[in-house]
Amino acid sequence: IYKHKKSSNSTSNSNSPQLPPGPTPWPILGNIHHIKTMSHVTLYNLAKSYGPLMSLKLGTKRVIIASSSSFALQILKVNDRILSARDVPSAVPLTRSEIDQLSFWSDPWIDQWKNIRTKCRVELFSSKGLDSQARMWEEKVTEMVEYLRGKEGMVVDVEELVFVTIFNVFSNAYFSRDFLKLEEEFGGNEVRVFLRGIIEALLAFNVSEFIPVLGKFDFQGLRKKHKEMSIKMHSLWEPAVKERREKMESGNYSKQDFLDTLLEDGFNDVQINKLFEELFTAGIDTTTSTINRTIIELMNNPDSMNKLQHELDTEFNQELLSNCNLLQLSTNYYLQACVKETLRLHPPAPLLLPHRARETCQVMNYTIPQNAHVLVNVWAIGRDPSMWDEPLEYRPERFIDSSLDFKGNDFEFLPFSAGRRICPGLPMAAKIVPLVIGSLIRFFNWTRPPHGNDADVHEVLRATSNMIHPFQLIPTARK
Ligand code: HEM
């Protein structure tokens, strides 16, 4: 049923496993002309012709794309040890050995990768770590609700509001302080530009990664952009780190947050900057886009909105923001089902982050060559009609009384990935996202501004990036 049962770009003889099927590559460029952008939608459309495991040649690089749950299982579970390496994006102005000292981009067998993942798991994302943040979350979300109460009937940029709130939640977990202010309408703009600049430079279709002779020229300016934006990001927290170091050296301090953990463990300034840069870039956009898209989906689906408001009124009433309710939020509530349904339809990292094959391996009857890039199109898998009834409908009910979860065991639903590379921030996102959505929906009704941005709102749902700007709505307080 697919165009090529045999790979048109395979060079192997007929007895050895072949490359997965794919379009015939041109000399030098390979299939670059077939894709233009590396978007999940383009790759999904190509997979309709070439099948759920597809191979492209982009310049000198082999790229393998999985678009079904059974190939996702092969990649993220069966062959996880071999396929969980990563290339350093060429926009990052660091050498491989610097990355291995500093970054989440290093490989799972590198000590520093294990060290930072363990530190984050134990100090930030364990039940104990999350419990110790619960009061602070409550405080930040209450500030957001109070701010909105003062804006009743006015147009509010919800995207910006959520950005500032989430940024402050994370900055308090890391540094015990707000970096942005809600009242300044908003303080987030500039910081958001830095953050998005870094993400865009990292995820852009960077031709020099595929045609190595172009590598040193940076003619798309991505390395320059990454460097400039990172320096600006770091300058946000550098004074706080300096101050804390001095306090620690003077002996006049008691451990209060993640920064203290890193300082006690002897992290130097370069390591601290890189770790926080990566935690902010990986955590903020993904979390805010999930919140915003859920609000939009609920507004487009009034039955789901009513059902959720009813649940919030009866189960939580005014107490949604209390500690003990926070803990309950992870169970089988409609609120949680709404979040899952958004993540199924709009996973913020639709192709995950690119994995690399550490060595050649076999996946079913195909070969994945050493150093190939490996992508899993979790966006396509979440819409696969053989897995989901009416896949394009927003129907949170499908998750009620279902054991289906996003923790990396159900390969038809992988917004956080699975295996060694699974998102380390999952436990935090799984609690903060419903808390913010629950508060926005429990305490307010939402309408679009009269000279509406209906088209924008639909565009946002179709958008292939996480940019949802501006996303303006009018709140009315609920009793
Ligand atoms: C709804 C929210 C989120 C989603 C859907 C999400 C999803 C993902 C995905 C798909 C990956 C790539 C996994 C792979 O390559 O196989 C990833 C990696 C990562 N995420 Fe998240 N994420 C979210 C929130 C967060 C938060 C809140 C943090 C931290 C505070 C975070 C930190 C990271 C880091 C550091 C990595 C890189 C891990 C590594 O390569 O070892 N994420 N995330």
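Of the 123 residues in the largest nonpolar core, those that touch the most other members are Ala 72, Ile 75, Val 376, Leu 414, Val 436 and Ile 437. Helix H8 (residues 158–175) supplies the largest share of this core, 12 residues. A nonpolar core is here a set of buried Ala, Val, Leu, Ile, Met, Phe, Trp, Tyr and Cys residues joined through C-beta atoms within 7 Å; a residue is buried if 20 or more other C-beta atoms lie within 10 Å of its own, exposed if 12 or fewer, and partly exposed in between, with C-beta atoms placed from the backbone.

The model is predicted, and local features need pLDDT of at least 70, side-chain atom pairs count only at pLDDT 80 or more, and totals for chains, interfaces and linings use all residues. Residues are numbered from 1 along each chain as its sequence is written.

Leaving aside neighbours within four places in sequence, Ile 437 is in contact with Ile 291, Thr 294, Ile 295, Leu 335 and Val 339, where contact requires that the C-beta atoms, placed from the backbone, lie within 7 Å.

Helices (H or I, at least four residues) and strands (E, at least two) are DSSP runs, numbered from the N terminus, and two strands pair if DSSP finds at least two bridges between them. On these terms, 4 strands form an open sheet with mixed pairing, in the order E1-E2-E7-E4. Strand E1 (53–58) and strand E4 (355–356) stand at the edges with a single partner strand each, so one side of each is left without a neighbour in the sheet. Helix H3 (residues 69–78) packs on the sheet, touching E1, E2 and E7, and its direction makes about 130 degrees with that of E7; axes are lines fitted to C-alpha atoms, for helices over the stretch in contact, and angles run from 0 to 180 degrees between N-to-C directions.

| Pair | Sense | Bridges |
|---|---|---|
| E2 (residues 61–66) and E7 (residues 373–376) | parallel | 4 bridges |
| E4 and E7 | antiparallel | 2 bridges |

Val 63 stands opposite His 373 in E7, Arg 356 also stands opposite His 373, and Ile 64 stands opposite Val 374. From E7, His 373 and Leu 375 point one way and Val 374 and Val 376 the other way, and all are buried.

Ser 126, in the loop between helix H6 (111–125) and helix H7 (127–149), counts as partly exposed because it has 13 C-beta neighbours inside 10 Å.

Conventions:
Two residues are in contact if their C-beta atoms, placed from the backbone, lie within 7 Å.
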